[in-house]
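Please open the structure in your viewer and keep the selection panel at hand. The stops below are meant to be taken in order, each with something to select.

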Amino acid sequence: MREVAAVFRRDFAAYFATPVAAVFLSVFLVLAAALPFQLGRFYELGQADLATFFAFHPWLYLFFVPAVAMRLWAEERKSGTLELLLTLPLSTAQAVAGKFLAAWTFVGLALTLTFPMWITVNYLGEPDNGAILAAYAGSFLMAGGFLAIGSCLSAATRSQVVAYVLSVAVGLLLLLAGHDLVLAALRAWAPAWLVDSVAALSFLTHFQAIARGVLDLADLLYFVLTIALWLAATAIVLDRGRSR
Amino acid sequence: MIEARSLTRRFGELTAVDDLSFAVAPGEVLGFLGPNGAGKTTTMRLLTGFLAPSSGEARVFGHDVERAPRQARAALGYLPEGAPAWEEMTVRELLAFVARVRGIAPAARRVRLDHVVERLGLAPVLDRRIETLSKGFRRRAGLAQAMLHDPAALVLDEPTDGLDPNQKHEVRGLIREMARDKVIIVSTHILEEVEAVCTRAIIIAGGRLVLDDTPQGLAARAGTDGPTAARIDAAFRALTAGAGHA
Ligand SMILES: Nc1ncnc2c1ncn2[C@@H]1O[C@H](COP(=O)(O)OP(=O)(O)OP(=O)(O)O)[C@@H](O)[C@H]1O
Ligand SMILES: [Mg+2]
């Protein structure tokens with residue numbers, strides 16, 4: 001625990017030691033606010049809720065989170081600090097957890113800073129604040145899923161660009177698996193159970209369920225398991241790197 | 001005690017460390033010599049568990065580096081080749097981080113920090129970011145990080161590389177002093193350093209052990225007269241001629 005906390009603290013502070021944090025946060029906030037207004041006709045719908053705002057989160061994370069995740073291991077490997085970190089008396093799992101939690105907290109901070117949107121809808125009408133809170137929780141969990149994928153792919157390469165591209169590709173696959181267009185195409189020929197299984201694999205399906213305000217244990221578990229699996233894979237990739 | 005037992009490490013076709021065995025006891029300073037690409041850094045990575053051996057084993061005070069990595073690493077201080085460190089951290093932050101991971105109690109932390117800062121002359125750069133440091137100060141920060149927890153064993157990959165003559169002298173003095181009760185392994189290309197700090201020298205070439213002797217014994221192999229350092233130099237070249245590779 002002490003080791004995880006130390007790594008967490010170091011990594012989280014590192015975001016703010018360079019302009020990286022400021023750039024990431026500004027870009028994220030601008031996009032998070034602009035997309036619902038520009039593409040989602042946030043105002044014209046005349047509804048006092050954040051449904052359009054949350055609807056963009058999967059697509060926003062698809063490009064934003066890999067940019068945070070790509071540095072996690074690729075940079076340590078390239079600069080040689082991986083050798084310093086992994087020869088300290090801590091397990092690979094602890095290093096993986098500490099770095100992941102720091103990045104997740106950072107993304108969580110970005111998400112938290114969108115609170116003016118929440119205030120705005122409360123000013124405009126009477127939204128279901130419980131549902132909004134649930135959607136925020138779901139969004140945060142989904143961000144963790146994207147991040148865990150990015151962490152694993154960052155561990156697998158020393159090039160941040162490769163890590164980014166691979167993470168976006170895997171993320172896109174996981175989103176598209178639950179997209180209406182894909183599922184409709186699939187439904188034309190595939191049996192129902194297959195369509196359902198494909199949909200069940202997707203971030204989109206589970207996030208949309210939570211974003212509707214329905215906190216189902218299965219959806220939460222899906223994200224928690226996704227995170228756990230990809231982080232375990234990260235540790236395995238790092239450990240395998242020692243013997244290759 | 002640091003032990004290598006038939007330590008072997010392959011990278012694909014290349015055998016970087018080939019059936020290497022040795023043991024170093026407290027009070028000894030082992031000089032690890034060899035031409036470029038001999039396998040010195042790879043051996044150190046096997047001793048500290050950054051790399052896993054293809055076969056054989058490394059032990060630190062009886063702890064198998066593969067099976068009990070935490071205990072082995074807790075007993076070790078390690079300066080990796082090139083003294084890597086997080087560029088955006090200050091020296092103080094780096095040392096605080098290492099102290100936290102190693103679980104040094106806050107009270108002891110202050111004492112140890114003051115000690116390494118004093119011994120390595122880090123006071124003027126303590127709050128500077130590592131990316132702004134000169135090569136010598138960066139190396140000293142790396143040494144400080146390795147010594148911080150007063151480890152029973154130190155593995156130092158080219159600890160005096162990039163230091164000015166005064167600092168080289170200082171660091172050699174420091175190593176000799178610490179050697180009283182510690183196990184120390186240093187790799188170096190500076191052969192006068194062998195005479196100055198080492199109680200024992202190992203030469204490897206092509207990953208294989210070529211010689212394990214005292215600096216005096218090594219010098220004697222030159223078969224010539226003259227200063228010890230020059231004779232060590234001659235012996236090194238005679239023993240490793242043609243062995244350097246990529
Ligand atoms: N990760 C790796 N993958 C493939 N080959 C490697 C790897 N690390 C080292 N080698 C090879 O293993 C051999 C030994 O390298 P090593 O760095 O241990 O040498 P060294 O004795 O430390 O050399 P130097 O004096 O130049 O520091 C070299 O041929 C090197 O190219
Ligand atoms: Mg080397």
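Begin by selecting B:Arg9 and B:Val17, which stand opposite each other, the latter in β2(B). This is a predicted model, and the stops that follow should be read with that in mind.

Strand β4 (residues 55–60) of chain B is joined to β5(B) over two bridges in the antiparallel sense, and for a look at one of the pairs, select B:Arg59, whose bridge partner in β5(B) is B:Asp64.

**The magnesium ion**

Select ligand 2, the magnesium ion, and show its protein donors: B:Thr41 through OG1 and B:Glu81 through OE coordinate the ion at 1.9 to 2.2 Å. B:Thr41 belongs to helix α1 (residues 40–47) of chain B, whereas B:Glu81 sits in the loop between β6 (76–79) and α3 (91–101) of chain B, so the pair ties together parts that are 40 residues apart in sequence. Colour by accessibility here, and B:Thr41 counts as buried at 11%, while B:Glu81, with a relative accessible area of 39%, is partly exposed.

Move on to the six strands of chain B that form an open, mixed sheet in the order β6-β7-β8-β3-β9-β10. Its edge strands, β6 and β10 (208–213) of chain B, each pair on one side only, and neighbouring strands are turned against each other by 15 degrees on average, direction ignored. Within this sheet, select β3 (residues 29–33) and β8 (residues 183–187) of chain B, which pair in the parallel sense over four bridges; B:Val29 has B:Ile184 in β8(B) as its bridge partner.

Helix α5 (residues 135–147) of chain B touches β6 and β7 (153–157) of chain B, and its direction makes about 170 degrees with that of β6(B). Helix α9 (residues 228–240) of chain B touches β3, β9 (200–205) and β10 of chain B, with its direction at about 30 degrees to that of β9(B).

**Chain A, and the cysteines**

Finally, select chain A, which has 14 helices and zero strands. Its C-alpha atoms fill a box of roughly 55 × 45 × 30 Å along the principal axes, and its radius of gyration of 19 Å agrees with the value near 18 Å that a compact globule of 244 residues would have. Buried residues make up 50% of the 244 residues in chain A.

How many disulfides are there over all chains? The count comes to zero. Two cysteines to select are A:Cys152 and B:Cys198: the former counts as buried at 7% relative accessibility, and the latter is buried with a relative accessible area of 7%.

Definitions and conventions: Residues are numbered from 1 along each chain as its sequence is written. Chains are lettered from A and ligands numbered from 1 in the order in which they are written. This is a predicted model: local features need pLDDT of at least 70, side-chain atom pairs count only at pLDDT 80 or more; totals for chains, interfaces and linings use all residues. Side-chain values use heavy atoms; hydrogens and water are left out. Donors are N, O and S atoms within 2.8 Å of the metal (3.2 Å for Na, K and Ca); water is not among the atoms, so sites may look incomplete. Buried means under 20% relative accessible area, exposed over 50%, partly exposed in between (1.4 Å probe, protein chains only). A disulfide is a pair of cysteine sulfur atoms within 2.5 Å. Two strands pair if DSSP finds at least two bridges between them. Axes are lines fitted to C-alpha atoms, for helices over the stretch in contact, and angles run from 0 to 180 degrees between N-to-C directions. Contact means heavy atoms within 4.5 Å. The radius of gyration is taken over C-alpha atoms; the globule rule is 2.2 Å times the number of residues to the power 0.38.
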